[in-house]
Amino acid sequence: MKRFDAIVMFASLWLLASMVIDVLTPKELTVYAIGGALAPATAISALLYWLEVPRIDFAVCFSVFWMVSGMVLELISPTPLPSFMTVVTLLPVLVVGTVINFQRWRRSFATPVPDVKKAN
C-alpha cells in the first residue's frame, strides 16, 4: 500500500507544482514544458522516499532537485523568468541549510552522554 500512496502523492505534487509554475511564468513557457522539466526530479524524489532515505538526506536531495529544476526552467524558457523565481528556486536550499545548521548548533550545547559500563 505504501508504494501506491507514494505514487499518488508525488504525482499530485508534480501536477500541482507544474500548474502553479505555469501560472507564475510567462505564457511562452507551457505547462507541458514545465511538467517535463519537473518530472525527473519528482521521479527521483519519489524513489528516494520509497527507499526510506533518512529525513535530512531526503530534504537535501529534494531541495537540490528543486534548484536544478529551476535552472532547467530558466534554460528552456524563451523569455527571461521573473526575478521572484530565483527566490522560489533557492528558498528550499536555504531552509534546509538553516535547519541543518540550527540542529548542529543545538547539539553543540547538549550535555554529553556518559559511557555506561557493562555489568558483568
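**Close-up views of helix packing and aromatic pairs**

**View 1. Helices α1 and α2 are roughly antiparallel to each other.** In this predicted model, the angle between helix α1 (residues 2-24) and helix α2 (residues 31-50) is about 150°, and their axes lie 9 Å apart. The crossing of α1 and α2 is right-handed. On the α1 side, the contact includes Met-9, Phe-10, Trp-14 and Ile-21, and on the α2 side Ile-34, Leu-38, Tyr-49 and Trp-50 are among the residues that take part. Have a look, too, for Lys-2, Arg-3 and Asp-22, which α1 brings to this contact. By residue class, the contact of α1 with α2 divides into 14 nonpolar, 4 polar and 3 charged.

**View 2. Helix α2 also packs with helix α3 (residues 55-76).** Here the axes are 9 Å apart and the angle is about 165°, which makes α2 roughly antiparallel to α3. This crossing is right-handed. The contact of α2 with α3 has 16 nonpolar residues, 2 polar ones and no charged ones.

**View 3. Ring pairs link Phe-10, Tyr-49, Phe-58 and Phe-62 into a cluster.**

**View 4. Phe-102 and Trp-105 sit 3 residues apart in helix α4 (residues 84-108), about one turn of the helix.** The structure holds 5 aromatic pairs. One of them joins Phe-102 and Trp-105 in a tilted arrangement, at 5.8 Å centre to centre with 35° between the planes. Trp-105 also pairs with Phe-109, this time edge-to-face, at 5.2 Å centre to centre and 85° between the planes. How exposed are the two phenylalanines, Phe-102 and Phe-109? Phe-102 has 43% relative accessibility and so counts as partly exposed, whereas Phe-109 is exposed, with a relative accessible area of 58%.

Key. Residues are numbered from 1 along each chain as its sequence is written. This is a predicted model: local features need pLDDT of at least 70, side-chain atom pairs count only at pLDDT 80 or more; totals for chains, interfaces and linings use all residues. Side-chain values use heavy atoms; hydrogens and water are left out. Rings of Phe, Tyr and Trp (its six-membered ring) pair if their centres lie within 6.5 Å; planes under 30 degrees apart count as stacked, over 60 as edge-to-face and the rest as tilted. Helices (H or I, at least four residues) and strands (E, at least two) are DSSP runs, numbered from the N terminus. Buried means under 20% relative accessible area, exposed over 50%, partly exposed in between (1.4 Å probe, protein chains only). Axes are lines fitted to C-alpha atoms, for helices over the stretch in contact, and angles run from 0 to 180 degrees between N-to-C directions. Angles under 35 degrees count as roughly parallel, over 145 as roughly antiparallel, 65 to 115 as roughly perpendicular and the rest as oblique. A crossing is left-handed if the near helix is turned anticlockwise from the far one by less than a right angle, and right-handed if clockwise. Contact means heavy atoms within 4.5 Å. Ala, Val, Leu, Ile, Met, Phe, Trp, Tyr, Cys and Pro count as nonpolar, Asp, Glu, Lys and Arg as charged, and the others, Gly among them, as polar.
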